[in-house]
Amino acid sequence: MVQLNPTDEELCYMLCHLCFQQISKQCDGQILEAVEQFQDSISNHLHDYYLNHLSRPNYSGRIAALMKLNSIAQQFIYQDQINVEILKVFEVFFVNFSHPELFMNYQ
């Protein structure tokens, strides 16, 4: 993350992408359609940012690096979800999360 040194716009895109991925795993129908529209919108905004503000038409490598970081974050979230499920099975759930909805699957 330090080497990549993402801009505020890139960080915003990464966080939105992570959130929308979590939502799309748990919802369907109209909510999923709205999430897809939001993802398209933020992707278009990031494209515009690279082309018009940074004058960087070839940014695919940078996007790949950002998405690699997001993939690592997704792996941590998934591992925490597994840990929560194990804790629930053995009834030893005593950990407080700031945002438990990220780690619990309500399906």
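The model is a predicted one, in which local features need pLDDT of at least 70 and side-chain atom pairs count only at pLDDT 80 or more, while totals for chains, interfaces and linings use all residues. Residues are numbered from 1 along each chain as its sequence is written, and side-chain values use heavy atoms, with hydrogens and water left out.

Phe90 falls in the segment after H3. Together with Ile86, Val89 and Val92, Phe90 makes up a nonpolar surface patch with about 410 Å² of accessible area. Patch members have over 30% relative accessible area and no salt bridge, with nonpolar side chains (Val, Leu, Ile, Met, Phe, Trp, Tyr) joined within 5 Å and like charges within 9 Å; a salt bridge puts a side-chain nitrogen of Lys or Arg within 4 Å of a carboxyl oxygen of Asp or Glu. Areas come from the Shrake-Rupley method with a 1.4 Å probe, and for residues only the protein chains shown count as cover. The chain as a whole exposes about 7800 Å², 58% of it from carbon and sulfur atoms.

As for the fold, there are three helices and zero strands, based on DSSP runs (H or I, at least four residues, for helices; E, at least two, for strands) numbered from the N terminus. Of the 107 residues, 24% are buried.

Helix H3 covers residues 60-89, and at 1.5 Å a residue its 30 residues should span 44 Å; the end C-alpha atoms lie 43 Å apart, which agrees. The expected span here is 1.5 Å times one less than the number of residues. After H3 comes Glu91, with a positive phi near 50°.

The structure also holds three aromatic pairs. One of them joins Tyr49 and Tyr50 in a tilted arrangement, 5.9 Å centre to centre with 55° between the planes. Tyr50 and Tyr59 have ring centres 4.4 Å apart and planes at 20°, so that pair is stacked. Rings of Phe, Tyr and Trp (its six-membered ring) pair with centres within 6.5 Å; planes under 30 degrees apart are stacked, over 60 edge-to-face, and the rest tilted. Ring pairs tie Tyr49, Tyr50 and Tyr59 into a cluster. Relative accessible area is 10% for Tyr49, which is buried, 0% for buried Tyr50 and 17% for Tyr59, also buried.

Conventions
Buried means under 20% relative accessible area, exposed over 50%, partly exposed in between (1.4 Å probe, protein chains only).
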